[in-house]
Amino acid sequence: MNWYETHGLEAQDVKQATLAQLCDTLRERGLCPELHGDPQRVITAVNTLEDALEGQISFLSNPKYERLLQETRASAVVLRPGVEAPRGLDLIRVEDPYAAITILIVELHGYRRHRPPRADEGPPNIAPTAVIGPNARIYPGVTIDDEARIGADAVIYPGCYIGPRCRIGDQVLLYPNVVIYDDTHVGDRVTIHANTVIGEDGLGYAPVAGRWIKIPQIGRVTIGDDVEIGANCAVDRATLGQTSIGNGTKFSNLITIGHGTRIGAHCLFVGQVGLAGSVTVGDHVTLAGQAGVVGHIRIGDRVTVGAKAGVTNNVPDGETVLGQPAIPIRDMRRQVAYIGRLGEMHKTIKRLEERLAELEAQLRAKA
Amino acid sequence: MNWYETHGLEAQDVKQATLAQLCDTLRERGLCPELHGDPQRVITAVNTLEDALEGQISFLSNPKYERLLQETRASAVVLRPGVEAPRGLDLIRVEDPYAAITILIVELHGYRRHRPPRADEGPPNIAPTAVIGPNARIYPGVTIDDEARIGADAVIYPGCYIGPRCRIGDQVLLYPNVVIYDDTHVGDRVTIHANTVIGEDGLGYAPVAGRWIKIPQIGRVTIGDDVEIGANCAVDRATLGQTSIGNGTKFSNLITIGHGTRIGAHCLFVGQVGLAGSVTVGDHVTLAGQAGVVGHIRIGDRVTVGAKAGVTNNVPDGETVLGQPAIPIRDMRRQVAYIGRLGEMHKTIKRLEERLAELEAQLRAKA
Amino acid sequence: MNWYETHGLEAQDVKQATLAQLCDTLRERGLCPELHGDPQRVITAVNTLEDALEGQISFLSNPKYERLLQETRASAVVLRPGVEAPRGLDLIRVEDPYAAITILIVELHGYRRHRPPRADEGPPNIAPTAVIGPNARIYPGVTIDDEARIGADAVIYPGCYIGPRCRIGDQVLLYPNVVIYDDTHVGDRVTIHANTVIGEDGLGYAPVAGRWIKIPQIGRVTIGDDVEIGANCAVDRATLGQTSIGNGTKFSNLITIGHGTRIGAHCLFVGQVGLAGSVTVGDHVTLAGQAGVVGHIRIGDRVTVGAKAGVTNNVPDGETVLGQPAIPIRDMRRQVAYIGRLGEMHKTIKRLEERLAELEAQLRAKA
């Protein structure tokens with residue numbers, strides 16, 4: 001069984017290239033590769049050091065994994081100048097192996113392909129008043145509701161639901177069972193992974209005589225261009241106005257965003273991040289896994305929020321915060337260090353008490 | 001492009017009313033509005049101060065947003081007596097602007113409407129032994145399994161699955177792709193948002209010789225009346241007996257509830273809350289975002305659990321707890337204050353040591 | 001209304017057995033039950049002490065619930081030797097009541113049954129190139145994409161999507177709306193609960209000029225045999241190579257696993273656990289609720305990670321860790337104790353300062 005059988009790429013999809021051609025590709029993209037080995041060696045796939053087989057290229061970026069170089073069955077490896085490698089391995093040396101391997105993955109493998117719907121599948125369920133752009137691929141089991149508009153070249157997998165009056169941009173890719181509530185706007189080239197929900201009602205209730213009375217959530221969600229959202233996320237529509245996600249922002253899985261929250265451009269949110277409502281997040285912000293943000297606060301541009309941090313106050317531009325409640329990283333490191341020394345402090349205080357008692361006794365004796 | 005085109009409300013749905021009429025509505029609901037402005041001005045929508053256009057009404061409740069009053073294009077604003085506002089804005093002054101705006105949203109916009117299924121859509125998949133109440137709207141792509149009963153006026157969106165022998169109440173609203181496992185009971189006027197799962201098996205295994213042997217989960221889930229559950233939540237069925245959610249309780253998104261946990265009435269659970277199994281939660285309890293509760297404990301009535309808190313012990317009625325492990329808020333505030341002063345304590349101890357050494361030296365010198 | 005009507009078991013499914021027969025069953029499975037009561041009493045169901053009715057058997061394992069013995073309407077109870085019980089209750093005494101009741105649940109109730117698809121339901125959507133094993137039950141509303149292979153006796157509920165070239169084992173059970181991306185391998189006897197997603201792209205982007213450029217995620221997910229995964233989970237495919245879950249591992253709900261993470265056999269992950277990418281987890285590892293693990297670290301065999309812990313460093317075999325950052329439990333307990341005594345430490349330091357000032361004054365007076 002060859003690697004393609006286990007990996008499943010169809011033979012006709014597989015590009016292959018010589019090491020010399022791969023180095024040319026890297027040079028075209030602005031890198032300066034140095035080839036140590038056979039320029040005519042044919043490479044058919046990129047793989048990890050552990051999983052690579054003959055004819056495949058791998059890479060070493062994190063020094064932690066250097067020992068894997070000794071055991072790899074890859075035919076070639078991309079790595080930094082100066083890093084030692086066993087004889088017999090062809091090498092492409094380059095300053096940024098991770099950037100280089102990214103380029104080679106795109107070159108040899110490309111992105112996921114989406115087959116056209118088959119005639120025998122039966123049609124999706126599209127409202128007569130919906131408008132579907134040219135070349136959109138809408139699979140059976142999709143519902144497109146009244147007056148929704150779907151852009152050109154969109155791909156919408158089975159089980160998706162697009163609510164009334166939504167606007168879905170060009171080249172949008174919705175994996176199975178994505179649900180988009182009424183009036184949502186989604187920009188161009190947006191990808192949303194399976195079972196994510198956009199535009200559900202937020203937690204909007206007024207307390208009346210010990211009961212929660214629902215406030216109609218009449219706002220909506222607006223998603224910019226080039227956004228990617230992971231699986232099983234949920235983005236509340238606004239009570240009034242909009243919840244928004246800026247251009248180029250990327251979400252991992254299981255993220256929830258509260259109503260009226262506005263997120264800037266080119267942010268990165270790791271898995272299980274949760275934002276309450278009416279939060280404002282700037283551009284180029286990173287939230288690490290399981291971080292949370294309370295409502296009605298402002299997070300500036302280029303902020304980094306550490307894993308599991310709980311942000312309860314505004315964060316200025318460029319700051320890195322950690323902990324619960326989240327504080328600047330330098331303060332947090334000091335705090336953790338102090339907490340780690342609490343046992344020692346405790347003993348020191350005990351000793352001070354004894355020495356003091358001793359002195360007091362001496363003085364009393366002299367008096 | 002006017003606001004309705006972007007927002008998507010259909011023209012025939014839009015109510016409009018004069019400021020005088022809106023004040024009458026507020027008075028009918030028990031508020032005491034004072035109108036400062038043109039009673040005949042026509043209002044067509046509610047919106048945020050930032051997004052409002054001419055002909056729309058907005059509100060100011062949180063003083064934090066007072067500066068937005070200067071820039072709003074709204075024609076009228078609801079706000080407290082005594083708060084200053086720019087000339088030219090019509091004002092409705094009222095003690096509780098948030099309650100007032102809720103009433104006005106309902107008056108002008110109402111709740112989401114659900115179109116009847118179209119004849120050309122094809123039928124849902126309903127088992128011959130299922131019983132469907134009068135006027136239920138069940139869209140195509142829904143599966144209703146053996147002996148399930150659906151109440152009158154229920155609305156069930158595409159992709160929902162209702163398992164065997166479920167009982168779904170009147171006027172229940174299930175958004176797309178909601179999955180309800182066998183034998184679940186759902187009360188009247190319950191709303192469940194997209195992709196939520198009710199009644200899946202909990203984590204019930206017996207360890208036998210280093211393996212986990214599955215324990216059949218033969219209990220079920222019971223949900224009371226007027227419950228609303230957000231998107232992508234998961235509520236385990238009980239191993240034996242039931243997991244239950246009381247009347248009027250509201251959940252946000254991405255909440256998980258363990259098997260056999262019983263939640264009281266009129267609670268509010270914010271996003272990403274997680275409860276283990278066999279927990280008992282009283283009435284009128286609030287759990288803030290990302291809070292967690294370990295198994296087999298009891299949380300009393302009217303308890304508030306802070307964001308990210310980890311509850312590991314019983315909590316008495318009326319208590320507010322914070323932190324991990326969660327402790328009463330007054331203790332937690334003191335603890336956070338002490339931790340913030342650890343650096344200072346450390347320096348004080350250093351200084352004490354020096355002063356003590358100095359005294360010891362003096363005494364030795366005298367001896 | 002009898003219990004079966006509310007619980008929904010169909011009459012023909014219900015087994016019943018005498019207490020003598022139930023004791024025989026326990027003995028066959030290696031337990032040593034002692035019956036105190038009527039051997040001919042007929043038992044028709046297992047239930048909780050609170051919910052049990054006449055003719056049913058319950059159990060007491062956790063001493064916390066001992067008071068419920070007084071009020072139960074069960075006809076018989078399984079409990080430890082020596083625990084007092086009210087007169088009139090038939091008793092099966094056994095060293096491990098929890099293990100015993102598990103056996104009795106399986107004996108009397110068995111596991112969930114899955115009806116065959118009905119002829120009138122219409123067919124699922126299966127690609128001509130897909131291969132379906134014998135006796136697989138694939139319900140309408142399922143999509144099986146190109147070249148996927150489904151094992152014998154698999155059960156796939158409505159709304160599931162199985163991507164191109166997936167390999168799904170024998171006796172696999174997929175509840176509604178499970179989405180499995182292309183090239184995923186799932187072993188035999190795997191159960192996946194509703195709305196879980198396997199194989200979506202991970203958070204793989206290269207930063208280029210302030211934007212995130214997507215790295216094709218060309219790896220896949222491999223799931224071993226006898227795995228069970230809860231509702232609304234998400235398991236990223238690997239960038240290269242594979243993300244894997246070992247044999248017999250069990251997940252609760254709302255768990256996310258990052259790309260390239262490898263999880264061993266017979267682990268137990270509680271709700272809302274989150275693992276970043278490239279993590280290695282050994283065998284027999286327990287992660288409690290809401291625990292998180294950062295990327296590129298190694299967790300050994302038989303490790304226990306406490307609820308809400310944030311693991312940021314490698315954890316050796318057999319260790320139990322708690323807290324954020326997670327540290328060994330003995331250190332964490334000491335730390336929590338010290339933090340709880342901070343107020344006292346603070347006062348002690350104050351008193352030391354006063355006593356020292358007093359001494360210094362005395363010495364100055366003498367000088």
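**View 1. The loop that holds A:Pro325 in chain A.** A:Pro325 is found in the loop between strand E38 (320–322) and strand E39 (327–328) of chain A; helices (H or I, at least four residues) and strands (E, at least two) are DSSP runs, numbered from the N terminus. The peptide bond from A:Gln324 to A:Pro325 is cis, with omega near 0 degrees. Most peptide bonds are trans. The model is predicted: local features need pLDDT of at least 70 and side-chain atom pairs pLDDT 80 or more, while totals for chains, interfaces and linings use all residues. Residues are numbered from 1 along each chain as its sequence is written, with chains lettered from A and ligands numbered from 1 in the order in which they are written.

**View 2. The open sheet of chain A.** Five strands, in the order E2-E7-E6-E5-E4, make up this sheet with mixed pairing; two strands pair if DSSP finds at least two bridges between them. Its edges are strand E2 (34–36) and strand E4 (45–46), each pairing on one side only. Strands E6 (residues 76–79) and E7 (residues 90–93) of chain A pair in the parallel sense over four bridges, and A:Ala76 has A:Asp90 in E7(A) as its bridge partner.

**View 3. The loop that holds B:Gln290 in chain B.** B:Gln290 is located in the loop between strand E33 (286–287) and strand E34 (292–293) of chain B. Its phi is near 65 degrees, a positive value in a residue other than glycine. B:Gln290 is buried, with 30 other C-beta atoms within 10 Å; buried denotes 20 or more other C-beta atoms within 10 Å of the residue's own, exposed 12 or fewer, and partly exposed in between, with C-beta atoms placed from the backbone.
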